[in-house]
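Colleague: I'd like to learn how to read cavities and interfaces in a model. Could you walk me through one?

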Amino acid sequence: MSTVQYSIAELAKRFALEFQGDGDRIIDGVGTLSGAGPSQLSFLANSKYAAQLSATRAGVVVLGKDALPNCPTSALIARDPYVAYAQIAALFERLPAAAPGVHPSAVIAAGARVSATASIGPCCVVEDGAVIEDGAVLGPHCIIGPECTVGAQSRLVARVTLVTRVTLGKRVLAHPGAVIGSDGFGLAFDRDHWVKLPQLGGVRIGDDCEIGANTTIDRGALDDTVLEEDVRLDNQIQIAHNVHVGAHTAMAGCAAVAGSAKIGRYCMIGGNAGVLGHLEVADRVTITAKSLVTHSIREAGEYSSGVPLQENRQWRRNAARFKHLDEYARRLSALEKDKNDD
Amino acid sequence: MSTVQYSIAELAKRFALEFQGDGDRIIDGVGTLSGAGPSQLSFLANSKYAAQLSATRAGVVVLGKDALPNCPTSALIARDPYVAYAQIAALFERLPAAAPGVHPSAVIAAGARVSATASIGPCCVVEDGAVIEDGAVLGPHCIIGPECTVGAQSRLVARVTLVTRVTLGKRVLAHPGAVIGSDGFGLAFDRDHWVKLPQLGGVRIGDDCEIGANTTIDRGALDDTVLEEDVRLDNQIQIAHNVHVGAHTAMAGCAAVAGSAKIGRYCMIGGNAGVLGHLEVADRVTITAKSLVTHSIREAGEYSSGVPLQENRQWRRNAARFKHLDEYARRLSALEKDKNDD
Amino acid sequence: MSTVQYSIAELAKRFALEFQGDGDRIIDGVGTLSGAGPSQLSFLANSKYAAQLSATRAGVVVLGKDALPNCPTSALIARDPYVAYAQIAALFERLPAAAPGVHPSAVIAAGARVSATASIGPCCVVEDGAVIEDGAVLGPHCIIGPECTVGAQSRLVARVTLVTRVTLGKRVLAHPGAVIGSDGFGLAFDRDHWVKLPQLGGVRIGDDCEIGANTTIDRGALDDTVLEEDVRLDNQIQIAHNVHVGAHTAMAGCAAVAGSAKIGRYCMIGGNAGVLGHLEVADRVTITAKSLVTHSIREAGEYSSGVPLQENRQWRRNAARFKHLDEYARRLSALEKDKNDD
């Protein structure tokens, strides 16, 4: 289907890689080591898949120097084969066409500013005071609320909602169902009922961030909620009001960060992990999946909570004992004391 | 409100059930044992509710043979009363009308193929290369991206998004806010920033699957993400790229499966449970709520992780001890050794 | 940007607060203690921020009597400064204009009833049998299904879906992506496949409730799912079918309640906490973040589960020991027995 074609020599030149084998071979797509055919490129980045290399039918494989002796076909040699593969594979991605202009079914307020090079898809709504910069692409059903800006070359795939006072930097990629700039969850308890705190801040998203499907990012109560540049959020992540996420931090699906927490740069937050409100997490911290961060973390490193999975009956016996752990520790100390008193 | 009516004898015949009592009584709806009136059908499938049977005012009760002596009204006798009730109750469901044809506010690309018997609701967007098969129903605000297929008799309730390269089988039911075919979360770290891996695969959903509200299913990086037939996903579930879910597996709300995991057939994944990436889970495995699967599971059975809920002060004391569990185990062994050395 | 202005004396009078300082000073906005300028109001409600009071440049600070001596500027004195601040700040909130009437792009069924004072935004779909009461505001892309009612003065910010048989009370606030009235997850297993239970109930939401972004609330199987008045739900919460939530209960982001559970009044459910199905939780119960409620709770109080976060290598050692906790407890008892037998 794709008509994109490159010779192996062209790819080597474009990405400054050495190659070995047939430089004239034409590559028109990518595939896994086990699935790629003679006109496709594959890669070996994880030694777990090394066994598949010798049997591959791929036309060329991106790999590290070490793997070269076992490669039965042409090779592109990369310092980091995964990064090199990512860059090459992008050539073969077929993105939906997005011609500049506004679809007739879109509703653009008189007070909105839409660049002539932007593309606004079917049923989009762009409200007063919104700005859509050059080359930005809004897929179908996006809603851009008042005082929101979509930065140049950003792409909102479909059905993304920016509620109010949201600024996206350049080249931001947001996936369907994402909601950015919704009310923070601020409540004051007045004797017998809740009083809502108005959420008067906004959201600032840096250049090159990615926001996953159905992820929610609340706007700040007074100051802004902030994602610095190159923050990568997977699907169904919840970022509460006034959270600050440092540059290059990545979070896996279903992670959640409570209000006013400050996450450092180059952190990795695992799937369904959580960070409680008002905490600080240092740079280069990794939190493993489903862990809950209950205190600030001052040092880089990997942190975890939780207990291991077991067959249910075994687990029940152990879990029941957890309820008495403090008692056991005391009884253990008592035994030790007795022994020492002997 | 409903005008659907059946006599008890008609219901017995239609579903091949024995009945006892007044076969001519007209039934026009269903209700709980405590709430149903004389023209309504109820059911007893869980012995927990047996006490409610003797006082029911229902016109007829679907039940097992054992419960018959305590039934004060007519009865339909079923091997599995819950299944029989499910089948009968479907007769009384009032689904919104969905006349064939395309709503004038829908936006259908010239290169899309929409069956004349399909129903396309208000503000739907169907893009080039999409196929909508016979009898499929798209409620309002659905988006069907390029190279997507909605199988015959499938129903997208409202606001469902198929992003790209998504194939739904026949009779698939998808609920509002579901996003299928969004980008998998693939990133390569290049010295000081992230490089995105293009997500070139698709999603294949088998016949009779159900996809809950605001559930997200990412498309594969190279190969497809796959749900075999009759997979049932509740709300807010996250299925990452290249996951494979076996037929007849059911997952409760907020469960999440990380990239390339392979879940077997007839599994039950509890609410907010998680499965880490690249793992394999055998057929007929049950994972209890909020458990995290951290290693492959080779045998059918029930598996769990987590610790029990306690009053907060007690819990704090026990939880604090968890941080020293390894030390306690060593001290315990030391005491035993001392004793044996005596 | 805001043109709303009040003198300090006017604010004091309006909210029945004492003031100290310059009553004629004009206030045109709010800010944090560290960020507010001379024409802005700030507040001190948390002693953690007390150190910022003496350096504030705010025109006036809402505070408790105790903090008055350290206040370098005018003050509004409140019994509960957080509540007073919430009420005052609402004056300075700039909500998007919502003129009564129906946007031309909206699709209103002939059998829907829309109040002349309601505001229906772009691309909304209001189906047959739906009712939109006086002063209700539907932002862009809302879908109101059959037999749904949006109560007076309620506000659906944008892209909210009411599926079927959903009744919202007065002044309900729902955020983008919320889905209310989707199918409950009801399945009966028939030998080798699933049979779906039709979901014939509805959802009733009381006055003054708030429903967060991408939150899902399923309709009941037979009876209704119910939220009593003033229930506050944050983002990405999952409420299953036939759940009943008592008045004034608040739930933080990503919490989930399984089918038929009954939560009391004035409860606080922490972020990503879960409640299993069919349980009952008493009034005034607090569940801490990420805890799982596995049994009914009969008494008010705070409850928790989980284990503390640790550096990963330490955690691994302790977590591995958890799998043998039952054995350790037995060995401990054996040692004690031996000692007593000595």
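Predicted model: local features only at pLDDT ≥ 70, side-chain atom pairs only at ≥ 80, totals over all residues.

Colleague: Which residues line the second largest cavity?

Modeller: Chain A gives Q236(A), C254(A) and N272(A), chain B gives Q236(B), C254(B) and N272(B), and chain C gives Q236(C), C254(C) and N272(C). Sorted by class, that lining has six polar residues, three nonpolar and no charged ones.

Colleague: And how much space lies in the largest cavity?

Modeller: About 140 Å³. Its lining includes L325(A), Y328(A), A329(A) and L332(A), with L325, Y328, A329 and L332 of chains B and C there too. The elements giving two or more residues to that lining are α4 (325-341) of chain A, α4 (325-341) of chain B and α5 (325-341) of chain C.

Colleague: What classes of residue make up the lining of the largest cavity?

Modeller: There are 12 nonpolar residues, with no polar and no charged ones.

Colleague: Let's turn to interfaces. How is the size of one usually given?

Modeller: Often as the accessible area lost when the parts come together. For chain C and chain B, the buried area is about 6,100 Å², with 62% of it from carbon and sulfur atoms. Of the area that chain C buries against chain B, F185(C), W194(C) and L222(C) supply 11%, more than any other three residues.

Colleague: How many residues are in contact there?

Modeller: On the chain C side 77 residues, touching 72 residues of chain B.

Colleague: What about salt bridges and polar contacts?

Modeller: For a salt bridge, you look for a side-chain nitrogen of Lys or Arg within 4 Å of a carboxyl oxygen of Asp or Glu. That rule finds six across the interface of chain C and chain B. One example is K196(C) with E210(B), where the closest N and O atoms are 2.8 Å apart.

Colleague: Which parts of chain C touch chain B?

Modeller: Among the elements giving two or more residues are β21 (179-182), β22 (187-190), β23 (193-196), α4 (312-322) and α5 of chain C. By class, that side of chain C has 36 nonpolar, 23 polar and 18 charged residues.

Technical notes. Residues numbered from 1 in each chain as written. Chains lettered and ligands numbered in written order. Heavy atoms only, no water. 1 Å grid on protein atoms, 1.4 Å probe; cavity = no way out; pocket = protein on both sides within 12 Å on 5 of 7 lines; lining within 4 Å. Points joined across faces, edges and corners; volume = space filled by probe spheres on them. Helix = DSSP H or I, 4+ residues; strand = E, 2+ residues; numbered from the N terminus. Nonpolar A, V, L, I, M, F, W, Y, C, P; charged D, E, K, R; others polar. Contact = heavy atoms within 4.5 Å. Buried area = accessible area lost by both parts, 1.4 Å probe.
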